[in-house]
Every structure is written in structure tokens, then in C-alpha cells.
Amino acid sequence: MSDYEVNYICACGKAMPLLNLFFCKYCVVLRCPKCVSHEVDSYYCPHCLENIPSGDAKAHKNRCINCWECPNCFSNLQHRSAQVPLVKREGGRVGFGQFKKMFYLQCFYCLWTTRDINTIPDQNQSTGPWIALPEDDKWLTDITNYYRHLIQREKVEMEKTRRQRRGSFLGFGSLGMSDKRLPFARIRTSFSMAGSGQYNENLIQEFKPVEPEEDVEKVDEKYYTDPGNVHEYTSIESRIKDPRNEVASSADLIPHFTHLLVKRSQRCRECEHNLSKPEFNPSSIKFKIHQIALRFVPRFRIIKKMKLESDKYNRVLFSITNPTEFDLPLEFVAVPEDHAHFGQINTNVDFPKKTLVLAARDDTAQYEDTNLVSSDFDDDPEVVVERKMNKVVIALNVKPAIDSGIVKVGFMLRYKYKNLTPALRPEEQKQSEDIHFSPCIILSLGRVG
């Protein structure tokens, strides 16, 4: 954690920078990545930028079967061609005849090639096949099936326990009549067992877990005496990338299929509205819906790092930027004592008495000669140091209440958020135009002294 931070408190109580938060304009609260639901929209390859259906991505273990990555530095491998002479045998003599075009893979970053190893020969076509698709490991498949059937058995047992607690249906058992003879008993049983699933009891009983071994292979003594060459051994990351083999020598490395990436959309868990939704095209970096907090909430930043003295008011400079398209009057409010982060605050701050007005954001203002000056607003000269377009530099007097440690300041910015979301009814639009919003901000101003 840095000694100089500006964190906003989201709805779930976590403190995060404004860049990592979302703003739900329907609930009018801040949302962090941990308090929103994530949905996978599409899979795509970062190299060839091709959309992969979810079924194919699952079948190929989230890898692109057309692209390769370097096993040494994990960059993309490119196809290279070379003219290889063909061996010609005539009359017991060996000679070179015509040349043939062959292909191999090469990394343009670390210059690793498939010719560095002896397991992958040059191919006649650029498409390969370079290596065979990895087959499912039988031991890993057995473990997956064991836990899948074990979960299904637990669900069935929970369903039976729940039915036994409810007792006989409509109390027919107390009258000496079994509810199994009723005409709707079969329908009720089918509904109760519909979501239970099927499992194989023999597969669960026959599964054998891995037993620990007492005899462990001894380490070769050359690792203690021979300094060795670092380039001959693989890195830990290279071994983790290939858990099936975990090769130790660089000569045994083989290229891997490129991992797929996903495009995700975030949704508010309270109102279930989308907060972020990217476009479907993998080559596009635009969003259909992009409600990041940086576009709706004023950004508070520390301009200059300075040494703070204990039990003394220190003048600290901050900047506030208005991201909205309308003027924004701000009020500084102290954090209430019942707030979850009130215990972190260890300073006394002299808040401005007047309302601070931020100018609206204008993208064309920087190209015009006219600009806003301080005379356009009723600013306090002791608080407002500089004003430029939609940005204001202010000075606050901060008095640390500790002798050592990190100084933390906390306050709430109260302003009216104008909800520009179109409503279905005119009366609803009038009621939802101005909404009071007070985000809590916790700042770390460095250490005392």
C-alpha cells in the first residue's frame, strides 16, 4: 500500500481508487468489481482476433488451435520459411538435388525456434500440424468425474432429507392412507426428483485416491557442485504453463496453443442493470455501455507530496475535476461517527464554509481563446488557488492527530446528481432529475515528520 492514496468507498464498504469503480445511475451508488456480477459475453483469440464459440472453447480447454505461443517468453510464434535441399541418391552416391520450401515456428522476441528442439521437425505447410492436440489425462478425468458424481449424490441426499422433514403430504399418513396410492403421487415424485440428477455409486466406491510415497527420488549431486548454465533450465512460469510435463530442460520445451481471452459485462446486483458491456467485435475497444465512476463522480487528487507536522495545521493542495456536462456545486461534509471507515481518520480538517462550484466539462474549451476566470464564480481566495476549465485547485488546512504513522483524511462530497436517464413517464422524469449523492473519500497524505 502506498503512503499517498485517494480511495473512494463503494456500496459494499471497500476502499478503491476511482478508476476501479463503477457508478450505477439507477441505484445512485458506487460499485466495485467485487460487488457486481460478471458475465462472459464472448471468447476470442488475442492473436488472430477470431471469435470462438463457447462450446469450442470448452472442448479445446480455452485455447486457440490456430495460434501458438512461445514456451520461453510466452509471445506469439510466427511462421518462417526456409529452403531445404533434398538428398538425392544415385548409384550409391549421395548428392543434393532440388530445394524444397519448409516451414518452422519462431519467436521474434527471444528468437526461440522449433529447430532448437529435436521433437518437432519442419513441416511442408505453414498450418502444421506442429504438435497433436493434448489428450485428456485419464487420472485427472477420473478425479473430475468422481467429484461430479459425489456432488450429485449429496444433492439427492439433501432432497430426501428435505422431503422427510415435510412428512406425509396433506396428513394422509395419520388417517391410515398412504399418499403413494393417490393419483397425483407419481407427478409429485417426478417433480421432486427433477433437479436431483443421476450419479453412479460404483464409480464413487471404486475411486482410489493418491497414496503418499515414503521413498522419494534423491536429488542428483551435480546440482550441488556444478554451477550449470541458467539458459539450459526452464523457469518456474514455463513449468506452470505446462503442468502435464513440467519439463526441466530448455531443450524439451514445446510450443503451446494461445490462451483465449473473454469479453465480460458487469451488472449491478441490486437493480440488475448493465454497468459495462463491450462490443462483440474482438478488434474493437469501444463499449456499448460504460458507466465507470470516472465519468460521473468528481475526481479528487493530491497535487504535491509534503511533510506534515503533528498538532499543527498544514496547508495541502488538492485538485478536483468535474467530469459531467453541467456545473457542479460541492459541499464538504465530515464523515459521521457511525461510518465503517471513521476509525481510520486521524486528522482534523478545516473544511470550506462556502459551496465550491465546479465548471461543466467542455471538450472544445481548450481550443477556444476564452476561458473561465475566478471572477465568474464567488470563490474564497483562501480555499481556491487556481481554476482552469472544469478543474479547480484548492487548499485545505490539515492537522494530524498522531505523532507517527500515515496521515489519513476523510470527508464526504455532497452534490446533486442530475439523472439524465430517459424515463417512461414524464412525472417520473421530474422526480429523478436531481438526486443528492455523497461519496465518501479516504486520503492518505504520507507519514508525519
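**Basis and confidence**

The model is predicted, with local features requiring pLDDT of at least 70 and side-chain atom pairs counted only at pLDDT 80 or more, while totals for chains, interfaces and linings use all residues. Residues are numbered from 1 along each chain as its sequence is written, and side-chain values use heavy atoms, with hydrogens and water left out.

The average pLDDT (the predictor's confidence in each residue, from 0 to 100) is 79 for the chain, and 81% of the residues score at least 70. Residues 168–196 stay under 50, and the model has 17 contacts for them beyond four places in sequence; a contact means heavy atoms within 4.5 Å. Where pLDDT is low, predicted coordinates should not be read in detail.

**Secondary structure and strand pairing**

The chain has seven helices and 23 strands. These are DSSP runs numbered from the N terminus: H or I of at least four residues for helices, E of at least two for strands. Strands pair if DSSP finds at least two bridges between them.

An open, antiparallel sheet of five strands runs in the order S6-S5-S11-S12-S13. Its edge strands, S6 (51–52) and S13 (287–290), each pair on one side only.

Strand S15 (residues 314–321) pairs with S14 and also with S20. Six of the eight residues in S15 are buried, that is, under 20% relative accessible area with a 1.4 Å probe, counting protein chains only.

| Strand | Partner | Bridges |
|---|---|---|
| S11 (residues 261–268) | S12 (residues 274–278) | two |
| S14 (residues 299–302) | S15 | four |
| S15 | S20 (residues 391–400) | eight |

Individual bridge partners can be named for each pairing. Arginine 267 is partnered by asparagine 274 in S12. Isoleucine 302 lies opposite phenylalanine 318 in S15, and asparagine 314 has valine 398 in S20 as its bridge partner.

**Whole chain and surface**

Of the 449 residues, 33% are buried. Among contacts with a separation of 6 or more, 65% join residues 24 or more positions apart.

The chain exposes about 29900 Å², with carbon and sulfur atoms supplying 50% of that area; accessible areas come from the Shrake-Rupley method with a 1.4 Å probe, and for residues only the protein chains shown count as cover. Val219, Tyr223, Tyr224 and Tyr233 form a nonpolar surface patch with about 490 Å² of accessible area together. In such a patch, residues have over 30% relative accessible area and no salt bridge, and nonpolar side chains are joined within 5 Å. A salt bridge is a side-chain nitrogen of Lys or Arg within 4 Å of a carboxyl oxygen of Asp or Glu. Tyrosine 223 belongs to helix H5 (residues 222–225).

Conventions. Patch = residues over 30% accessible without salt bridge, like charges linked within 9 Å, V, L, I, M, F, W, Y side chains within 5 Å. Buried < 20%, exposed > 50% of the residue type's maximum accessible area, 1.4 Å probe, protein only.
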